[in-house]
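Take a look at the chain below.

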Amino acid sequence: MKALNLYGIQDVRLETVPMRQLEHDDEVIICVQTAGICGSDISRFGKIGSYNPGLTWGHEFAGVATEVGKSVSRVKPGDRVVACPCFNCEYCCQAQYSKCSHLQVLGGHHKGAFAEYVSVPAANVVLIPDDLGFDEASFVEPSAVVAHGLDQVTIKAGSSVAVVGCGTIGQLAVQWARIYGAGKVYALDTEQTKLDVACSAGADAGFDVTAEGFTERFAEETCGRGVDLVIESSGNAGGIVSSMNFARKGGTVLLLGIPYGDVAFDRTSFEKIIRNELTIRGSWNSLSAPFPGREWKSSLEYMKKGLLKPSLLISHRIGLEDALDIFPKLYNRDFHFIKVLIDLTSA
């Protein structure tokens, strides 16, 4: 079968590898239909490389179960599924994933989903509704990341929310904020195309943070008070630092974006944390107990209800063979994109 393997920084290869085989009684083999390129995949390609050179990467996907181990009863061949990429340990089962000292994830430590087939423990598998497309279902993992983050903070009916960074996570954060009952949702980014999508998905207003007079317009929109909750989803050092300036006194900043470099605070922004008594909350992964958690079930439910609209975020669809050319372009930001999906059905 064909698989996309990462060997090192900007060294990705499309190779023919052995078919996945059941190695344990509790495993499920899945024929991948759609796989999403995550922002972390782009950073891993351009900056970090592979934990295990030559490993098949990719962790956001949807597909069809083709084989199940002899101890598996909950999943059967033909089931339409997604799968949690974290290989659960004792801490995951207790919803204390942040205590994990030996992180094992699909595409990082185990052969991932940028391939025609992938194998995962049955405990990781989540069934998807028959009327939900594979493209949409491939967003369940990033959606669960956002839902998990919002569970860590206080957001009430009528809360005001600013989302900093409108990539996939930020766009889903706009939609989830509405589901959680936010009264006002503001989207902040450097690209107008992303802001337009955010507004079509439920944001009340979009702000280009590079535009002249942005700070004054945002202050005017929020009556000079800032917002109750800032969701930082860019992972950009500038976005992280500036987030402290958008929160109201006593407000909360939720950090979802992962920086791949140092973050240095200017004095004014850092003092906002102290003088405004801000709550800074980090959130990691997408899990709760019982594994993999309510975040996964809720994501599917709200997609089915039409309140989560991942189809709005799909900017490009490519074949597996196209990935070799597109990853450098994604890393170098050669074109505008939100979510690039890989179609494995023609691999």
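## The model

The structure is a predicted model.

## An open antiparallel sheet

Three strands make an open sheet, in the order S2-S1-S4. Their pairing is antiparallel. Strand S2 (11-16) and strand S4 (55-56) are the edge strands, and each pairs on one side only.

Strand S1 covers residues 2-8. Six bridges link S1 to S2. Leu4 stands opposite Leu14 in S2.

## Parallel strands around S12

Strands pair through backbone hydrogen bonds, in either a parallel or an antiparallel way. S12 pairs in the parallel sense with S9, over four bridges. Here Ala162 stands opposite Val230 in S12.

S12 also runs parallel to strand S13 (residues 247-255), joined by five bridges. Val227 faces Ala247 of S13 across this pairing. From S12 the chain passes through helix H8 (residues 237-243) to reach S13, and this β-α-β crossover is right-handed. S12 is mostly covered, with five of its six residues buried.

## The nonpolar cores

The largest nonpolar core holds 46 residues. Val82, Leu150, Val161, Leu229, Ile231, Leu254 and Trp296 touch the most other members. Elements that give two or more residues to this core include helix H4 (140-150), strand S9 (160-164), strand S12 (227-232) and helix H10 (294-305). Apart from this core lies another, of 35 residues, among them Val81, Ala113, Val125 and Phe327.

Which residues does Val82 touch, leaving out those up to four places away in sequence? Its contacts include Phe61, Asn124, Val125, Ile128, Val140 and Trp296.

Technical notes:
Residues are numbered from 1 along each chain as its sequence is written. This is a predicted model: local features need pLDDT of at least 70, side-chain atom pairs count only at pLDDT 80 or more; totals for chains, interfaces and linings use all residues. Side-chain values use heavy atoms; hydrogens and water are left out. A nonpolar core is a set of buried Ala, Val, Leu, Ile, Met, Phe, Trp, Tyr and Cys residues joined through side-chain atoms within 4.5 Å. Buried means under 20% relative accessible area, exposed over 50%, partly exposed in between (1.4 Å probe, protein chains only). Contact means heavy atoms within 4.5 Å. Two strands pair if DSSP finds at least two bridges between them. A crossover is right-handed if, with the strands pointing away from the viewer, the path from the first strand over the helix to the second runs clockwise.
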